[in-house]
Amino acid sequence: MELGMFFKLPWFKAKTKAETQLETQAHELDFLVDEFCAALADIADPLTIRMHAALIAVQTPKDLWFLRGKLFNLIAKHHCEKVAHERVSRLDQKLRFFVDHHPHYSSEEMPTGPMGLLH
């Protein structure tokens, strides 16, 4: 088989910009979910299992937004409020960046408009 023909196979087809953008957006939301999981990583509490289950079901940034308060309370319970503020603030920054740069979401769609701390 000629090498030129090999690269014409369907799985070597170049993706369109829209296809690439959608894949990147999905990975970015997965990245945010991973960040939430990382914030819980050092907490041994039965509630973390529920949080992980909720994080698996996340489909939009708004879903993550509603989990922030629970995350804050869980971190504050096992560490202190300072650690909880630091972790949730870091997540807020990443969530805000994602929403501001995503073509299908805007910060006005979030429950409190601009993302500020709920606590």
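This is a predicted model: local features need pLDDT of at least 70, side-chain atom pairs count only at pLDDT 80 or more; totals for chains, interfaces and linings use all residues.
Start with helix α4, residues 61-78, and helix α5, residues 81-101. Their axes lie 8 Å apart. The packing angle is about 170 degrees. Angles over 145 degrees count as roughly antiparallel, so α4 is roughly antiparallel to α5.

Which residues of α4 meet α5? They are Pro 61, Leu 64, Trp 65, Arg 68, Leu 71, Phe 72, Ile 75 and Ala 76. Across from them, α5 supplies Glu 81, Val 83, Ala 84, His 85, Arg 87, Val 88, Leu 91, Asp 92, Leu 95, Phe 98 and Val 99. By type, the contact of α4 with α5 holds 14 nonpolar residues, one polar and four charged.

Look next at Trp 65 and Arg 68. The charged end of Arg 68 sits over the Trp 65 ring, 4.2 Å from the ring's centre. Both residues also belong to the α4 side of the contact with α5.

Now turn to α4 and helix α3, residues 46-56. These two pack at about 165 degrees, with axes 11 Å apart. That angle makes α3 roughly antiparallel to α4. Their crossing is left-handed. From α3, the contact uses Leu 47, Thr 48, Met 51, Ala 54 and Leu 55. From α4 come Leu 64, Leu 67, Lys 70, Leu 71 and Leu 74. Sorted by type, the residues of this contact are eight nonpolar, one polar and one charged.

Leu 64 and Leu 71 of α4 take part in the contact with α3 and also in the contact with α5.

Key. Residues are numbered from 1 along each chain as its sequence is written. Side-chain values use heavy atoms; hydrogens and water are left out. Axes are lines fitted to C-alpha atoms, for helices over the stretch in contact, and angles run from 0 to 180 degrees between N-to-C directions. Helices (H or I, at least four residues) and strands (E, at least two) are DSSP runs, numbered from the N terminus. Angles under 35 degrees count as roughly parallel, over 145 as roughly antiparallel, 65 to 115 as roughly perpendicular and the rest as oblique. A crossing is left-handed if the near helix is turned anticlockwise from the far one by less than a right angle, and right-handed if clockwise. Contact means heavy atoms within 4.5 Å. Ala, Val, Leu, Ile, Met, Phe, Trp, Tyr, Cys and Pro count as nonpolar, Asp, Glu, Lys and Arg as charged, and the others, Gly among them, as polar. A charge sits over a ring if NZ of Lys or CZ of Arg is within 6 Å of the ring centre and within 35 degrees of the ring normal.
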